[in-house]
Amino acid sequence: MFRNRLASYSLKLIAYSLVLLSTTAFAEEMKPKAPIVVNGDKVEYFHEEKKVIGTGNISIDYEDVKLTCKRVTVYLDTREAIAEGDVKIAQKDNYFTGDRMNYNFDKRTGKAIDAYVNYVPFYGKSKDVQKVSENQTNIERGYITTCDLDKPHYRVQAKQVRIYTDDKVIAKHILFFVGNVPIMYLPYYVQPLKDRSSGITTMVGHDADWGYYALNSLKFDYSQIFKGRFRADYRSKNGLAFGADDNYTLPGLGDGAVKFYYADEDNDYLSYKPEGRNEGKYRLQVRHKWQVTDDTLFTLELNKVRDDNFMKYYFYKEWEEQGQGDNYVSFITTKQDYTTTFLTRVRLDKYYDVVQRLPEYSIDVPQYNIKYNGGSSPLYYNMHSAFVYLDRAFRDNSSVGPMQKDLDVIRIDNYNRLNYPVRFFKALNVTPYAGVRQTFYSRNALGRTNIVRGVFNMGVDNSIKFYKIYDFTTNALDLNINKLRHIVTPLVNYYYTHQPTVSNETLMQFDEIDAIKEQNGISLSVENKLQTKRDGVSVDLVDFIISTDYQFKLKQDVFPTFKNTDYKRRKFTSVDMQLELTPYPWLYAMSKMRINTYRELPEAASIDFVGGKEVDRSLAFGYRWERSFDPLIVADPDTRGNIVNYVTTDLIYRINEFWKARIYWRANLNKGYIDEQQYTIFRDLHCWILEFTFDLRPYQNNATITDQIFWFALRLKAFPDQPIGLRRSYSRTRAGQPGDPGFYERQDVGVYQ
């Protein structure tokens, strides 16, 4: 036995040497190729045929490719292998298996018979599998699925499948099977691998506004110009609706998106409408961005609807976040010393108030260093100049009274400013500035024509930063603190605007330029930050900011009912405070408060707390309190205006590996009841996730429930994102981001994200 093993090892050694010699024969003409090393129970080299034959537990490692089988023949001149018996070829995280395969190690191409393909998250089977390149595999007359069972719960049977590694999967002429039951036929299907949303989605449920509904979408990816999602929906109270979202790229002309959605509210056969027939309604949105040259950017946005409540009814979340949408075309050219903007903004729908710019051309010089005797000076120059024809178009309210006439004016605005930045002690930055604005109006609100308004402003911006590093390291309570750095950043900015030569009360109001008035005050803020390092990266543990404005002069006629003592004492505007805590990556808290100094009472407060990981267990808690005051009315300090007082909780808990639950509550503490409750149960079905949600929305009192909503959703685990947003969710606001904490993202039924 020892002699047999010795002979086998000798043959292997000779085969390795010959293979190595054959691959380096032309070393002077080209870079040597890596040797193909064949390991097995028996390995033979045939010099004349230039091939290696191996049998029994064959294993070949070639760069990032590993081949295993029972028998193999390797042709050294073509570097091609013919493998048989439990063949498996693995490359990186992907592999395919079969009874017999041809494979070329250099080209990474091959062909397999009766093969199984594993390209996570996709799996497939076919009589004929071809690897036509390193990044493409073709499956002919087979199936693909994301279920890794021998008998998958579902499969997509296709005449032709193309798998592009780390890119997408394309299938043609497919039948969708659940078990052995065919459900649906599609001529073409595309699933991008980097997109976590499912290619086919459907959701059914019931809503008080829509009645019973079914929302369906199908992803398409035909080319760079046509890729997006088709929509086909049914609502028992509104009938059929359909649309498409297309994201496109035009080579050399930029990219953008087109959204169209049409609701056939005239369909009496498929909808129940006790109020009678309605005409069909639609929305159209076009967005495009094109980098015309290296320094010129073109952007366009168009929004057109039929019926002013269309977006609110069918796309509530989008309506809440974006409002009515905008309609404009702009060209922005950015040079080294200046930027020019050409903007045209118009109104396409009569339902909204819009300030049209027909058109506007502006030039901005952001920070130009003034030269002196051929060199730079400490002076910097800023300039903004704009010419615009403004037209304020009011919505059509003819049904309730006479329409308000449009306001229009030609305005030429020019603002020039000088800055003198200075640094003291390497930490204190002081920037005094002075500016003059001259604005021409073709007419004002009183009918006078050719008016010129002059405004002078000045100020000083001051900032300084102090910090100290404490050599403190601990892992107590798993805090992972590696030294501490305390940073204090005070800001003191003085600003003064002289009384304009023309009062803003006599001007038609279009934007902030027309609203300029006298100001004289100081903006104060102090930021305290505590940082540590984790894995070499700075992490903010504590961040506390307090800020306010101090007015040196307040006009007596603005607050005519104030007594002189109150007028002299109330010089601070609101005081804002923000505290942010992040002791662990999985734990976050933020608190904000605003003090109304005119009333000497809190005006708004909020707390956000988020802990845990959403996939398993997490708890989110938010509290929002807000009181509105009218600064022109002086009353008893205890007099309350409109008060918003909400508590929101969002709890996710994984019961076991199959079940997960979620509870969302929003309590109206001002009225004393929970105004929304949402309960969701998730069931893991191996390759699918079944979701059932029940939503209760009581109004006015605890005993009455005016809206009961429920829906079912079935999602693939491999592509879990749902393009149809239904769920209420807690939305925290990080520091430095727009929005206020305590506001919660509303994702109403039927909202497309």
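**Ground rules.** I number residues from 1 along each chain as its sequence is written, and my side-chain values use heavy atoms, with hydrogens and water left out. As the model is predicted, local features need pLDDT of at least 70 and side-chain atom pairs count only at pLDDT 80 or more, while totals for chains, interfaces and linings use all residues.

**Entry 1, the whole chain.** I began with secondary structure and found 4 helices and 42 strands in the protein chain. Here helices (H or I, at least four residues) and strands (E, at least two) are DSSP runs, numbered from the N terminus. Of the 753 residues, 41% are buried. For burial I use relative accessible area: under 20% is buried, over 50% is exposed, and partly exposed is in between (1.4 Å probe, protein chains only). The accessible surface of the chain comes to about 41600 Å², and 56% of that belongs to carbon and sulfur atoms. Those areas come from the Shrake-Rupley method with a 1.4 Å probe; for residues, only the protein chains shown count as cover. I also looked at contacts (heavy atoms within 4.5 Å). Among those with a separation of 6 or more, 47% join residues 24 or more positions apart.

How many salt bridges does the structure hold? I get 33, taking a salt bridge as a side-chain nitrogen of Lys or Arg within 4 Å of a carboxyl oxygen of Asp or Glu. I looked up one of them, between D245 and R231, at 2.7 Å from N to O. D245 sits in strand β16 (residues 239-250) and R231 in strand β15 (residues 227-235), 14 residues apart. D245 is buried at 16% relative accessibility, and R231 is buried at 6%.

D650 and R662 also pair up, at 3.0 Å. D650 is in strand β36 and R662 in strand β37, so this bridge ties together parts that are 12 residues apart in sequence. Both D650 and R662 are buried.

R624 and E626 meet at 3.0 Å; R624 is buried at 17%, whereas E626 is partly exposed at 30%. I also noted a salt-bridge network that links R357, E360, R411, D511 and D514.

D543 belongs to strand β31 (residues 537-551). Beyond its neighbours within four places in sequence, D543 contacts E527, N528, K529, Q578, L579 and E580.

My patches are made of residues with over 30% relative accessible area and no salt bridge, with like charges joined within 9 Å and nonpolar side chains (Val, Leu, Ile, Met, Phe, Trp, Tyr) within 5 Å. A charge is placed at NZ of Lys, CZ of Arg, CG of Asp or CD of Glu. K465, K483, R485 and K533 form a positive patch on the surface. R485 lies in strand β29 (residues 481-497) and is partly exposed at 30%.

The nonpolar patch covers about 1000 Å², and its members include I607, F609, L619, F621, W659 and W665. Strands β34 (601-613), β35 (617-627), β36 (643-654) and β37 (659-668) each give two or more residues to this patch. Which strand gives the most? I find β37, with 3 residues. F609 is in β34 and is partly exposed at 30%.

Note on methods
Lys, Arg positive; Asp, Glu negative; His and termini not counted.
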